[in-house]
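Please read it with the model open.

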Amino acid sequence: MSVIDSKSGPDIDAFREAALRCPIPAAVELIGEKWAFLILRGAFNGLQHFEEFQAGLGIARNILSDRLAKLVAGGILERSPDPSDRRKVIYSLTTKGEALLPVVLSIRQWGEDWGYGEMEIVLADSKARRPVRRIRVLAEDGRELALGDMTWISRDELHDKADKAA
């Protein structure tokens, strides 16, 4: 089952059926809002305390509190007592939160390309001190893919191809 057949155009029924099971709406519900991305950016850059996020982002306390709670409930951040000051809380990225790094970097790169241009500060490999490569969509064999090079297929079709190759 392919959602788009290059000969006849989009199969709207197949698209609708696939869209009902798509993980994008749930992901956007959790992180697809300005402050969530800015909090993630802060966490990726070492911000840990409520006051650091508030000062660094210029966000109202009530909005910050709400977004932090949502990110904690969604398993993106974890909340733990600060061992140096039990009155404070540390917000840190979970493994699930760290997995959003390519997403945040892609959005930054898109913003540089289509919004604000190149920034003075670039993300670099801490060992080589060279910029990290741009996020790209790659084929299984490493080829860079463009939109026209891709199609949606069912997992069954994917497994059938693997079985035939074996």
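1. Helix α7 supplies 9 residues to the lining of the largest pocket, the largest share from any element. This is a predicted model, and the pocket in it has a volume of about 790 Å³. In total 19 residues line the largest pocket, and those closest to its centre are Arg41, Asn45, Val104, Leu105 and Arg108. The elements that contribute two or more residues to this lining are α3 and α7, the latter spanning 101–116.

2. Ser106 also belongs to helix α7.

3. Which residues have the most contacts inside the largest nonpolar core? They are Ile31, Ile39, Phe53, Leu68 and Leu77, in a core of 21 residues. At least two core residues come from each of α2 (24–31), α3 (34–44), α4 (50–57), α5 (61–73) and β4 (85–93). Helix α3 gives the most, with 6 residues. As background, nonpolar side chains in soluble globular proteins tend to be buried together.

4. Ile39 deserves a separate look. Setting aside neighbours within four places in sequence, Ile39 is in contact with Phe53, Leu57, Leu64, Arg67, Leu68, Leu71 and Leu77. Of these partners, Phe53, Leu68 and Leu77 are listed with Ile39 among the residues with the most contacts inside the core.

5. A charge does sit over a ring, however: Lys34 lies over the face of Trp35, at 4.6 Å from the ring centre.

6. His49 is placed in the loop between α3 and α4. Its relative accessibility is 12%, and because the cut-off for buried is under 20%, His49 counts as buried. Apart from residues up to four places away in sequence, His49 touches Asp82, Lys88, Val89 and Ile90.

7. Glu51 is in helix α4. At 42% relative accessibility, Glu51 counts as partly exposed. Glu51 and Trp110 are 59 residues apart along the chain, and 29 Å separates their C-alpha atoms.

8. Glu98 is part of helix α6, which covers residues 95–98. With a relative accessible area of 49%, Glu98 is partly exposed; the class of exposed residues begins over 50%. Leaving out neighbours within four places in sequence, Glu98 is in contact with Phe44 and Leu93. Glu98 and Leu40 are 58 residues apart in sequence, with a C-alpha to C-alpha distance of 9.1 Å.

9. Please check the backbone at Arg129, where phi is positive, about 60°, although the residue is not a glycine. Most residues other than glycine have a negative phi. Arg129 lies in the loop between α7 and α8, the latter being 155–165. Is Arg129 buried or exposed? Arg129 has 67% relative accessibility and therefore counts as exposed, the cut-off being over 50%.

Conventions
Residues are numbered from 1 along each chain as its sequence is written. This is a predicted model: local features need pLDDT of at least 70, side-chain atom pairs count only at pLDDT 80 or more; totals for chains, interfaces and linings use all residues. Side-chain values use heavy atoms; hydrogens and water are left out. A charge sits over a ring if NZ of Lys or CZ of Arg is within 6 Å of the ring centre and within 35 degrees of the ring normal. A nonpolar core is a set of buried Ala, Val, Leu, Ile, Met, Phe, Trp, Tyr and Cys residues joined through side-chain atoms within 4.5 Å. Buried means under 20% relative accessible area, exposed over 50%, partly exposed in between (1.4 Å probe, protein chains only). Helices (H or I, at least four residues) and strands (E, at least two) are DSSP runs, numbered from the N terminus. Contact means heavy atoms within 4.5 Å. On a 1 Å grid over the protein atoms alone, a cavity is a set of points where a 1.4 Å probe fits but cannot get out, and a pocket is an open set with protein on both sides within 12 Å along at least five of seven lines; lining residues have an atom within 4 Å of a point. Grid points are joined across faces, edges and corners, and a volume is the space filled by probe spheres set on the points.
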